[in-house]
Amino acid sequence: MPLLERARAGFANAFGQEPLGVAFAPGRVNLIGEHVDYNDGLVLPMPITAGTAVAWGPAGADTVEAVALDFNQARDRFNPATAAPLKPPGWESYVRGMAQLAGQSGVALAITGSIPQGSGLSSSASMCVAVGRALAAAAQAAIPDPAELAQAARQVEHDWAGVHCGIMDQMAVAAGQPGAALLLDCRTLQTRQIALPADWAVMVVQSGVVRELASGHYNARRSDCESAARQLGLPALRDADPAIIAAADLDPVVRRRALHVVQEIERVKAAVGAIETGDIESFGRLLRASHASLRDLFEVSVPQVDQLAELLNAAICRDGGARMTGGGFGGAVVAVLRADQVARVKAAVEQDYSAPGGARLSIMIEGAGGQAAGKLK
Ligand code: ADP
Ligand code: MG
């Protein structure tokens with residue numbers, strides 16, 4: 001059943017009436033620019049076909065009722081004015097946070113998604129933005145400004161989920177357009193849509209390694225970066241360069257983290273140039289360099305993900321490249337490659353990669369120009 005229809009039917013089943021509407025937000029895959037958003041850097045994410053649908057309708061005064069269709073119809077019912085963060089956080093936290101920030105009640109929501117959760121494709125940002133859109137529609141408010149919606153969604157990650165993330169995921173989900181990468185300056189929130197050449201494709205392959213304690217690792221990396229900027233006397237690592245880092249008396253670990261960030265920002269700029277000139281070989285080299293840096297300098301990869309990226313890179317050869325995507329410690333690998341190589345590369349991965357525990361391999365193919373080829377497997 002298509003996603004929006006699943007949300008509609010789930011709402012009708014849970015609340016005994018038809019919803020008044022269904023809101024949607026996509027997930028996103030970050031092509032390049034990893035762990036740089038919270039350093040005020042430049043990033044290049046792209047929305048994906050998979051996303052979150054939220055059916056909405058009326059509920060009693062001072063009440064939000066929510067049902068998580070993907071969590072065995074789990075229910076939550078709260079007054080947004082008095083709701084407080086839950087410990088530990090759960091799916092309800094995102095709904096409560098978004099409703100409280102919107103200052104809105106009298107709404108029933110049914111939520112379902114098609115993004116594998118915890119795999120680096122931002123199911124949480126997608127859910128927050130979809131809930132935000134549903135709340136705005138229910139309030140008959142104007143279509144929310146993408147940057148405002150993104151900022152609310154990030155605040156919810158910080159205050160309600162305890163993840164001190166940057167703004168990339170939320171902006172990619174709220175402002176991204178299908179078939180285009182979104183060049184985002186995380187300092188100014190300026191965006192530029194960079195359409196991918198029609199003969200390029202994006203492939204997202206799940207390693208099958210589930211992230212554990214990811215928010216702890218994430219927050220630790222973030223604090224390494226903040227400490228580097230502080231010691232360099234700069235507002236953020238965005239303002240540093242390799243020479244400044246080399247000259248400073250930094251702890252070796254902090255130095256490695258800082259070097260990754262400044263070089264990764266340069267790679268994003270080069271990647272935009274490669275898209276604009278249709279130079280997929282250069283784009284592929286940048287992806288490989290990004291992976292090596294995340295593995296060796298930022299130390300957020302794991303052997304299974306390295307193996308998957310290597311395998312993809314060997315199969316793709318000069319027709320593009322691959323790297324880990326998302327926060328790390330498991331999750332997905334993204335490959336950007338010539339569209340006419342997709343079938344061959346997909347077959348090679350299916351033959352040579354085995355996900356831990358024999359899990360079924362999940363491969364998503366996203367086409368250029370808004371033409372998503374959909375899930376092949
Ligand atoms: P990701 O990288 O996918 O964003 P997170 O751990 O940040 O991983 O977010 C996953 C969490 O977001 C889930 O554990 C759940 O609480 C919430 N979530 C995402 N999608 C849904 C959904 N369709 N229904 C309910 N909760 C969801
Ligand atoms: Mg998330």
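Pro 88 sits in the loop between strand E4 (74-78) and helix H2 (91-102), where helices (H or I, at least four residues) and strands (E, at least two) are DSSP runs, numbered from the N terminus. The peptide bond leading from Lys 87 into Pro 88 is cis, with omega near -10°. Before we walk on, please note that this is a predicted model: local features need pLDDT of at least 70, side-chain atom pairs count only at pLDDT 80 or more, and totals for chains, interfaces and linings use all residues. Residues are numbered from 1 along each chain as its sequence is written, chains are lettered from A and ligands numbered from 1 in the order in which they are written, and side-chain values use heavy atoms, with hydrogens and water left out.

Asn 72, in the loop between strand E3 (64-68) and E4, has a positive phi of about 55° although it is not a glycine. Phe 329, in the loop between strand E9 (320-325) and strand E10 (332-338), is not a glycine either, and has a positive phi of about 60°. Asn 72 counts as exposed because its relative accessibility is 73%, whereas Phe 329 counts as buried at 16%. Here buried means under 20% relative accessible area, exposed over 50%, and partly exposed in between (1.4 Å probe, protein chains only).

Now to the charged side chains. Side chains of opposite charge can pair when their charged atoms come close. The whole structure holds 23 salt bridges, each a side-chain nitrogen of Lys or Arg within 4 Å of a carboxyl oxygen of Asp or Glu. One of them joins Glu 18 to Arg 8 at 2.7 Å, N to O. This pair links distant parts of the chain, ten residues apart: Glu 18 is in the loop between H1 and strand E1 (21-32), and Arg 8 is in helix H1. Glu 18 is partly exposed at 45% relative accessibility, and so is Arg 8 at 27%.

Further along, Asp 340 and Arg 338 meet in a salt bridge at 2.6 Å, N to O. Asp 340 counts as exposed at 52%, while Arg 338 is partly exposed at 32%. Asp 296 and Arg 295 form another salt bridge, at 2.8 Å, N to O. Finally, a network of salt bridges links Asp 224, Arg 256, Arg 257 and Glu 299.
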